[in-house]
Amino acid sequence: MPHMRAAFATKFDDANPLSALAVGEMPEPEQRDGWATVEVRASSLNHHDLWSLRGVGLREQQLPMILGCDAAGIAPGGEEVVVYPVITTPSDPRGYSLLSEHFPGTFAQRVAVPVENLVPKPADLSWADVACLPTAWLTAYRMLTTKGRVDETDAVLIQGAGGGVATAAALIAVAMDKRVYVTSRDADKRDRISARGATALEPGARLPERVGVVIETVGEATFEHSMKASAPGARIVVSGATSGHLPTFDLRRVYAMQLEILGSSMGTPGELAALLAFCADKAVRPIVDEVIGFSEVERAFGRLHEGDVFGKIVLDHTR
């Protein structure tokens with residue numbers, strides 16, 4: 001059976017997830033009707049990849065599992081494409097899964113996906129740029145547009161600068177000419193996000209105005225602040241809970257202010273195409289912390305695990 005080089009989970013280790021990572025030979029993608037195999041040129045890391053090594057979303061019988069959600073590369077016909085990472089999966093309670101959950105992921109020489117998951121890559125965006133977009137950036141774009149209806153407001157609060165979704169949301173909202181407030185405990189991250197057009201504040205700080213949309217990925221530590229910062233009729237859009245998933249808040253504020261609390265996860269192929277066009281048209285580019293050759297994928301995982309990252313870590317599969 002033909003093989004290719006890949007990075008994959010061999011076991012689960014909650015305390016030391018890096019010990020569960022292996023790099024070596026794995027079988028080539030399975031041939032399926034209606035699917036296409038993409039030659040990967042670039043991919044990017046997400047915290048989802050570390051959670052997979054901890055055993056979140058995977059079962060023992062699925063191992064070894066090639067990791068990675070994000071990728072861009074060359075389609076069988078030679079077209080440059082971005083891979084939409086959501087696969088219809090009836091056996092999953094959500095009805096879908098991300099690459100690396102039920103189907104092999106993108107940290108390999110090649111990845112197979114349904115043909116409809118191939119989205120044309122704009123010529124103006126680099127491989128590194130587009131490799132950052134399908135997960136964190138798509139999530140942020142859907143939170144702001146489809147769920148948050150950001151076109152109905154002039155002001156946005158984004159909790160937790162530095163995280164992939166939060167940073168993406170900040171850059172997108174600034175490019176939409178919104179007044180963007182972003183919180184972070186880290187002074188350096190506040191400085192970095194301020195340099196890109198947002199107003200950076202310490203967590204819990206009083207805003208100069210109430211906002212129409214809140215992007216919430218932090219959870220327990222910030223949710224009360226998100227509520228208090230919301231204008232009447234505001235949308236609080238939630239896609240994560242990194243500080244805890246059981247916040248306490250006053251329901252009276254929800255109904256008195258007629259707030260909407262909305263869950264969001266990923267997006268559609270059409271939204272990914274719209275995001276790619278938006279980035280090309282508005283000259284918006286993801287913040288890339290470092291581009292690392294795929295031959296050093298272990299170092300890339302180590303950097304993500306250490307946590308001192310601002311923006312995305314990209315893997316260059318050509319080196």
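Predicted model: local features only at pLDDT ≥ 70, side-chain atom pairs only at ≥ 80, totals over all residues.

Which side chain does Asp 289 meet in a salt bridge? I found Arg 303, at 2.4 Å from N to O. Here a salt bridge is a side-chain nitrogen of Lys or Arg within 4 Å of a carboxyl oxygen of Asp or Glu.

Residues are numbered from 1 along each chain as its sequence is written, and side-chain values use heavy atoms, with hydrogens and water left out.

**Entry: the Asp 289 pair.** I placed Asp 289 in strand S17 (residues 288-293) and Arg 303 in helix H9, 14 residues apart. Helices (H or I, at least four residues) and strands (E, at least two) are DSSP runs, numbered from the N terminus. Asp 289 is partly exposed at 25% relative accessible area, while Arg 303 counts as buried at 17%. My cut-offs: buried is under 20% relative accessible area, exposed is over 50%, and partly exposed is in between (1.4 Å probe, protein chains only). Both residues belong to a salt-bridge network that also includes Glu 290, Glu 296 and Arg 299.

**Entry: other bridges.** I noted a count of 23 salt bridges. One of them joins Glu 80 to Lys 121, with the closest N and O atoms 3.4 Å apart. Glu 80 sits in strand S6 (residues 80-83) and Lys 121 in the loop between strand S10 (118-120) and helix H2 (127-131), 41 residues apart. Glu 80 is partly exposed at 38%, whereas Lys 121 is buried at 12%.

I also checked Arg 235, which meets Glu 152 in a salt bridge (3.8 Å, N to O). Arg 235 lies in strand S15 (residues 230-238) and Glu 152 in the loop between H3 and S11, so this pair ties together parts 83 residues apart in sequence. Arg 235 is buried, with a relative accessible area of 5%.

**Entry: the core.** Which residues have the most contacts inside the largest nonpolar core? I listed Trp 137, Ile 158, Ile 172, Ile 215 and Leu 275, in a core of 47 residues. Helix H4 (164-175) is among the elements that supply at least two residues each, and H4 gives the most, with nine. A nonpolar core means buried Ala, Val, Leu, Ile, Met, Phe, Trp, Tyr and Cys residues joined through side-chain atoms within 4.5 Å.
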